[in-house]
Amino acid sequence: MVQKAKILLVDDRPENLLALEAILSALDQTLVRASSGEEALKALLTDDFAVILLDVQMPGMDGFETASHIKRRERTRDIPIIFLTAINHGPHHTFRGYAAGAVDYISKPFDPWVLRAKVSVFVDLYTKNCQLKEQAALLRLQLEAGEQPAIGSMLLGELSARLASVEEQAEALTKQLAGSSEAGAAVTAAHLERKLTSLRQALEALRPGAN
């Protein structure tokens, strides 16, 4: 049974968190609420998350400061962050979001379908990455135990097929982003490409004769 991915929702307003839960509930993943930057950082100490949806304007520690803390921690620096904001102060404000480590920056009100589609891709990447790590560990155990290479080849084939599925989804989203006027489109597409390239390289490195 595949374990559900966790998605961290950070917003100081309960009605906004409720709206995000309604939009993302169709993904059938575990949605975790945080009503402040401090609460988000506390959640990140113990749990692993596929993606973080982070409100920019919050009392106390705002979204930018929260993101900076997340990116400074080795455990959490690679978690994708999507900034959500009700204000738009132009390119400089948006650039600050990307400088803080966001992979996307979405202004409210946003299209629920677009947000759900973007989060879905990051969830798929996270899930496949977890599966890849588990299968890699299993392959190493089989090699150490001297089990038949055919089993390892079968697992590699299955992993490759799973990754190809995600690559196809990401390619579709990248094409969609290419035609978007959003400032973060290129950043999101580049993040996806880096993650998928890294996964594919790790998978190919497991093939016999790769080392």
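Colleague: Which residue in strand 3 is the bridge partner of leucine 8?
Modeller: Isoleucine 52 is the bridge partner of leucine 8. Strands and helices here are DSSP runs, E of at least two residues and H or I of at least four, numbered from the N terminus. This is a predicted model: local features need pLDDT of at least 70, side-chain atom pairs 80 or more, while totals for chains, interfaces and linings use all residues. Residues are numbered from 1 along each chain as its sequence is written, and side-chain values use heavy atoms, without hydrogens and water.

Colleague: How many bridges between strand 1 and strand 3?
Modeller: Four, in the parallel sense. Strands count as paired if DSSP finds at least two bridges between them.

Colleague: And the strand order in the sheet?
Modeller: The order is 2-1-3-4-5, in an open, parallel sheet of five strands. Strand 2 and strand 5 (104-107) are the edges.

Colleague: New topic. Which residues of helix 2 are buried?
Modeller: Gly37, Ala40, Leu41, Ala43 and Leu44. Buried is under 20% relative accessible area, exposed over 50%, partly exposed in between (1.4 Å probe, protein chains only).

Colleague: What sits on the face turned away?
Modeller: Lys42, Leu45 and Thr46, which are exposed.

Colleague: What covers the buried residues?
Modeller: The cover includes strand 1, strand 2, strand 3 and helix 3 (63-72).

Terms used: Contact means heavy atoms within 4.5 Å.
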